[in-house]
Amino acid sequence: MRILGIDPGTQAMGYGLIDEDGDNLVMIDCGALTPPKRSPIGERLHHLYRGLGELMARYQPDEVAIEEPFVARNVRSALAVGRAQAVAILAAASRGIPAYRYSPTQVKQRVADYGASSKEQVQEMVKIHLGLPQIPQPRDAADALAVAICHLGETHMSRRLTSDDEVVEG
């Protein structure tokens, strides 16, 4: 299964693609889409939408995993991230790719086994999960890879729960 993880933002949108190869996770690509600075919000969102479309056309992900905005600190920032999240959802939907959303706490819990992990701890765990020599850069890309890893973990857990239900019922 190929997953495109997205760390939404209107200044930089991190992306990370991973493939599941048996019990191994393999990083395919990662980076950040960065619209021109100081451009109007509509232009930035369009730039992000186009960039995501190109990534989806090139890599053909099976599913897209998107981090939800963290609202507690700065509502204005959360609204901007929410706009970028909506662009990612729209880009996936326009290509018929299922999109899933995860809170920052869910991502931290699934990737680092602790919902209050620091960004640095999560990024170190991304490096370990993917068997990389260093933390992927830019940091937005490492965060997007964490979202993709989270999604695979959640997918595996759902499958296990479903198969357990079938065993109990059957």
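Entry one. I began with glutamate 154, which is partly exposed at a relative accessible area of 23%. A reminder to myself: this is a predicted model.

Entry two. I then looked up what glutamate 154 touches, and found its side chain in a salt bridge with that of arginine 110, at 3.1 Å from N to O. The two partners come from distant parts of the chain, 44 residues apart: glutamate 154 belongs to helix α5 (residues 139–169) and arginine 110 to helix α3 (residues 104–112). I checked arginine 110 as well, and it is partly exposed, with a relative accessible area of 27%.

Which side chain does aspartate 143 meet in a salt bridge? I found lysine 119 there, with an N to O distance of 2.7 Å. This pair also links distant parts of the chain, with lysine 119 in helix α4 (residues 119–130) and aspartate 143 in helix α5, 24 residues apart. Is aspartate 143 buried or exposed? Its relative accessibility is 8%, so I noted aspartate 143 as buried, the cut-off being under 20%.

Glutamate 124 is partly exposed, with 30% relative accessible area.

Entry five. Last, I asked how many salt bridges a search of the whole structure finds. The count is five, and the pairs I wrote up above are among them.

Note on methods. Residues are numbered from 1 along each chain as its sequence is written. This is a predicted model: local features need pLDDT of at least 70, side-chain atom pairs count only at pLDDT 80 or more; totals for chains, interfaces and linings use all residues. Side-chain values use heavy atoms; hydrogens and water are left out. A salt bridge is a side-chain nitrogen of Lys or Arg within 4 Å of a carboxyl oxygen of Asp or Glu. Helices (H or I, at least four residues) and strands (E, at least two) are DSSP runs, numbered from the N terminus. Buried means under 20% relative accessible area, exposed over 50%, partly exposed in between (1.4 Å probe, protein chains only).
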